[in-house]
Amino acid sequence: MLHVWLRAQHSPLAVWHEDAKQWQTVDGWQQLQAIYGSHKNNAHKTLCLYFPSSHLLQVDTEFTAAQLKQLGISGKQYLFEEMSLTPVEQLAIRQISHADRHQLYALSQNDIESWQQSTKLAGMTITALLPDFLLLPTPEEGAGQQVTLYQDTQTMLLRQSLRQGMAVSYLPLIFERFPHLSEVNVLLPIASFEDTSTLFNSNPLTDTFGDSIASHDIGLQKSSTPISSMPTDFMAQTLATITEHQLLLTTLTTTPKPIENPDRHALNFFIKSTDSQLSPYLRVAMMVALSALVLQMATDGVQWYQYNNAAIATKSEIAKQYQSWFADEPLSTRTKLQVQLQPKLRSDSQAPDSHMAALARISPLIKQSSLHAQALVMQPSSLSFTLIAPDRTSLDTFTSTLTAQGLSAKLAQVSGNEQGQFSGQITVSVIENNNTQANTAAS
């Protein structure tokens, strides 16, 4: 795996050489492809990119782990709303927790996609994407008493602990943020020099750095970079700032180094391009649609179960009723019920002539009155009418009318309802009527 350091958005790339323990600068992605793209070793096809920490947003939150879990990704994104120029929905969030302290980091999805596209054009793929302050060694003393500072022509980085670091735009302001700061560890730029002793002897600024280096017994490697290409103005300003704040300056012999297992680091912002990233709104819509589909299927299943039970119960009741009507004839399951019942109903439904004659006499009387027929029950010896009348007197009058017509009528079961109407049952004896008609005919 290649370790590539992008110090600024359009700066030259720095590639780590493990054998020489130093960084080599290339002009850009095209030169990186020309040098490593045709290499047969697959390890040179994947890289860990250390992006500029200036693109990284940080929030120190007082929320507990349970509260952060309850917030979810969307809630954590809105914690960066006041400091992010990018819409918070387009932020990738990472969290580092230690004891009861929680730091949240955010990076724009557009930056991630842009760097992934650049590596693809170079014929390579990203497997880890980390902020470049992780390249700096961790200060030995905590509680903000010691920090590590790196500066070159492209960037200025500061690391205050194992889990915290930042890109520095104005160093005096950063020092004001650490009131307990007492020592600054300074890393020399990754550019090496052809003759370090010439550099330090020829520049008044490096006398101070040289004394510090001598006190730590530092040895520097030779370089192919000309001495004149090493700018010192920014180093002079940094030294003056450290001196002004009365801080102890310590020059470290080490150089920024890649971390081990970068793909497993908590601040790895790499997102696989094959992963489908759905917006929260689309995920909610899909969940609602899926829930509706499951609910509809469950409803259909319950209805089918109820209809099936109703059909079975209906068949059972029909069989019982059929057996009660026709005890000597079993119900056949192979023949339709209508086919078996139709001839029997047709023959049994033929009402006697006496009943039809009585109905012919009673029907006109009901139509002429203010009554309404509700039910008719035909029995072998009588006819029973259930009539609805506006008052009780109408029922008595209609009963008297039937009696006057020579019918044996009797009013019973009179009841009223909330609308003020009365319901009554009038029973007309058909046998007596037939006897009366027979006596009339004989005379």
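**Close-up views of a predicted model**

**View A. Helix 10 (residues 353–368) packs with helix 11 (residues 392–404) at an angle of about 145°, their axes 11 Å apart.** Axes are lines fitted to C-alpha atoms over the stretch in contact, and angles run from 0 to 180 degrees between N-to-C directions. Helix 10 supplies I362, L365 and I366 to the contact, and helix 11 supplies F398, T401 and L402. Contact means heavy atoms within 4.5 Å. Helices (H or I, at least four residues) and strands (E, at least two) are DSSP runs, numbered from the N terminus. The model is predicted: local features need pLDDT of at least 70, side-chain atom pairs count only at pLDDT 80 or more, and totals for chains, interfaces and linings use all residues. Residues are numbered from 1 along each chain as its sequence is written, and side-chain values use heavy atoms, without hydrogens or water.

**View B. S384 lies in strand 15 (residues 382–389).** S384 is buried, at 6% relative accessible area. Buried means under 20%, exposed over 50%, partly exposed in between (1.4 Å probe, protein chains only). Beyond neighbours within four places in sequence, S384 is in contact with A375, L376, V377, Q425, I426 and T427.

**View C. Q246 sits in the loop between helix 7 (233–244) and strand 13 (248–252).** Q246 is not a glycine, yet its phi is positive, about 55°. Q246 is exposed, with a relative accessible area of 75%.

**View D. Q413 belongs to strand 16 (residues 408–416).** Phi of Q413 is positive, near 55°, in a residue other than glycine. Q413 counts as exposed at 63% relative accessibility.
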